[in-house]
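Hello,

Here is the structure I said I would pass on. My notes on it follow below.

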Amino acid sequence: NLSYAEIPNHGFDVILGVTGTLEGLSKHETKILRHSYNVNEFASIPSVYGNNKLKFAGDTAADFIIGDTKADHFMEIKNAIVARRKPEKEDGVTRAVMVFFKSSEILLEFHRSTYMESLKNETRRGS
């Protein structure tokens with residue numbers, strides 16, 4: 001078995017790395033790098049590609065919707081699925097959408113609901 005975390009402990013004089021997460025390390029993670037791996041110098045260089053332009057669901061307040069009832073909640077889930085599956089390009093390819101539920105019981109309840117009926121032929125359940 002090989003643990004990538006243990007490779008630096010095998011007597012290398014220099015550890016070089018490229019990561020987009022160095023500036024996001026917690027104090028604890030930085031301490032691990034310093035003490036466990038003897039990394040004492042950090043350098044950060046701006047990306048040659050510019051700022052990240054990716055946008056993810058959940059990035060804005062509009063992505064958080066609270067329904068007053070379970071029916072409202074299920075309807076909003078269905079509306080979000082439909083909206084996010086719309087093709088972004090003229091090729092007509094729909095996007096994959098993953099929905100996570102707190103429990104399998106709630107997932108099955110949603111799957112049996114009238115809100116899911118129109119989507120049933122287009123969805124697959126994970127195993």
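Contact here means heavy atoms within 4.5 Å. By that criterion Leu119 touches Lys78, Ile81 and Val82, leaving aside residues up to four places away in sequence. Please keep in mind throughout that this is a predicted model.

The core

Leu119 also belongs to the largest nonpolar core, whose six residues are Phe74, Ile77, Ile81, Phe110, Met116 and Leu119. Helix α2 supplies the largest share of this core, with three residues. Two of the core residues, Phe74 and Phe110, come up again below, in the helix packing and in the aromatic pairs.

Helix packing

The axes of α2 and α3 are 11 Å apart, and the two helices pack at an angle of about 75°. Angles of 65 to 115 degrees count as roughly perpendicular, and α2 and α3 are therefore placed in that class. On the α2 side the contact is made by Lys70, Phe74, Ile77, Lys78 and Ile81. On the α3 side, Ile106, Glu109 and Phe110 take part.

Aromatic pairs

A search of the whole structure gives two aromatic pairs. In one of them, the ring centres of Phe74 and Phe110 are 5.2 Å apart and the planes stand at 75°, so the pair is edge-to-face. Phe74 sits in helix α2 (residues 70–85) and Phe110 in helix α3 (residues 104–112), so this pair ties together parts that are 36 residues apart in sequence. Are these two residues buried or exposed? Phe74 is buried, with a relative accessible area of 4%, and Phe110 is buried with a value of 4%.

The other pair is Phe101 with Phe110: the ring centres are 5.5 Å apart and the planes are at 35°, so the pair is tilted. For reference, planes under 30 degrees apart would count as stacked, and over 60 as edge-to-face. Phe74, Phe101 and Phe110 form one aromatic cluster.

Salt bridge

How many salt bridges does a search of the whole structure find? It finds one. The partners are Glu109 and Lys70, and their closest N and O atoms are 3.2 Å apart. Glu109 lies in helix α3 and Lys70 in helix α2, so the bridge ties together parts that are 39 residues apart in sequence. Glu109 is partly exposed at 33% relative accessible area, and Lys70 is partly exposed at 46%.

Backbone

Asn38 has a positive phi of about 60°, although it is not a glycine. Most residues other than glycine have a negative phi. Asn38 is found in the loop between α1 (27–36) and α2. With a relative accessible area of 58%, Asn38 is exposed.

Some positions and distances

- Ala96 is in the loop between α2 and α3 and counts as exposed, at 77% relative accessibility. Its C-alpha atom is separated by 42 Å from that of His35, the two residues being 61 apart along the chain.
- Gly17 is in the segment before α1 and is exposed, with a relative accessible area of 69%. The C-alpha atoms of Gly17 and Gly92, which are 75 residues apart along the chain, are separated by 40 Å.
- Leu108 has its place in helix α3 and counts as partly exposed, at 26% relative accessibility. Between the C-alpha atoms of Leu108 and His28, 80 residues apart along the chain, the separation is 41 Å.

Regards

Notes:
Residues are numbered from 1 along each chain as its sequence is written. This is a predicted model: local features need pLDDT of at least 70, side-chain atom pairs count only at pLDDT 80 or more; totals for chains, interfaces and linings use all residues. Side-chain values use heavy atoms; hydrogens and water are left out. Rings of Phe, Tyr and Trp (its six-membered ring) pair if their centres lie within 6.5 Å; planes under 30 degrees apart count as stacked, over 60 as edge-to-face and the rest as tilted. Helices (H or I, at least four residues) and strands (E, at least two) are DSSP runs, numbered from the N terminus. Buried means under 20% relative accessible area, exposed over 50%, partly exposed in between (1.4 Å probe, protein chains only). A nonpolar core is a set of buried Ala, Val, Leu, Ile, Met, Phe, Trp, Tyr and Cys residues joined through side-chain atoms within 4.5 Å. A salt bridge is a side-chain nitrogen of Lys or Arg within 4 Å of a carboxyl oxygen of Asp or Glu. Axes are lines fitted to C-alpha atoms, for helices over the stretch in contact, and angles run from 0 to 180 degrees between N-to-C directions. Angles under 35 degrees count as roughly parallel, over 145 as roughly antiparallel, 65 to 115 as roughly perpendicular and the rest as oblique.
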